Amino acid sequence: MPVEARLRVIYGDTDQMGVVYYANYFRYFELARSEYFRAKGGSYVEVEKEGRRLPVYEASCSYRAPARYDDLLVIKVEITELRRASLVFQYEVRKEGDDSILVTGQTSHACINFEGRPTALPDQVVRLLKPA
C-alpha cells in the first residue's frame, strides 16, 4: 500500500530557470522513504539498530513536467520488490490537488552489515515493510 509524503518546494531547491533542480528529486525520494517507514510503525533507525544499512545501489528518475518554488508536492512511495537482502521503492511526484504526474522514479537498496557485506534483512524489518 502506497504512502504519501508532502513537501513544499523552497527557493533553494530551484535552478536559474525557476524549476526544481533535477537532483533534488532524489532527496525528495529519501524523505518519502523515511515517511514510509514511519507510516508502517517504524523507522530507519531500527534497521541500523539491527546492524544493517540500506544503501542505494541503483536510482532512476523520469521527468515529465517541472515543479516550481512554493509548489506543495505529494510524493507517493511504495515497495515493489522485497527480497531476502534487497528491496525496491517506486515513486510518483505530483502537485497537491493535481493528478498530473511530474516525476516518477525508483531506488534499489541492498541490505548490508556495518562491514559492508550483504546480509539478510532482519525479520522484523521484513514484517514492517512487507507490501500489503
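Predicted model: local features only at pLDDT ≥ 70, side-chain atom pairs only at ≥ 80, totals over all residues.
I noted the terms as I went. Strands are DSSP runs of E with at least two residues, helices are runs of H or I with at least four, and both are numbered from the N terminus. Two strands pair if DSSP finds at least two bridges between them.

Residues are numbered from 1 along each chain as its sequence is written, and side-chain values use heavy atoms, leaving out hydrogens and water.

Next I followed the hairpins. Strand 4 (residues 72–82) pairs with strand 5 (residues 86–95) in the antiparallel sense, over nine bridges. Three residues link the two strands in a hairpin. I found valine 74 opposite arginine 94 of strand 5.

Strand 5 also runs antiparallel to strand 6 (residues 101–110), joined by nine bridges. Here serine 86 stands opposite alanine 110. This hairpin has five residues between its strands, and glycine 97 in the turn has a positive phi of about 80 degrees.

I turned to helix 1, residues 24–39. Its 16 residues reach 23 Å from first C-alpha to last, close to the 22 Å expected; the expected span is 1.5 Å times one less than the number of residues. Which residues of helix 1 are buried? I listed Asn24, Tyr25, Tyr28, Phe29, Ala32, Arg33, Tyr36 and Phe37. Buried means under 20% relative accessible area, exposed over 50%, partly exposed in between (1.4 Å probe, protein chains only). Residues three or four places apart in an α-helix point the same way, because there are 3.6 residues a turn. After helix 1 comes glycine 41, with a positive phi near 95 degrees.

Last, I checked tyrosine 63, in strand 3 (residues 56–63). Tyrosine 63 counts as partly exposed because its relative accessibility is 40%.
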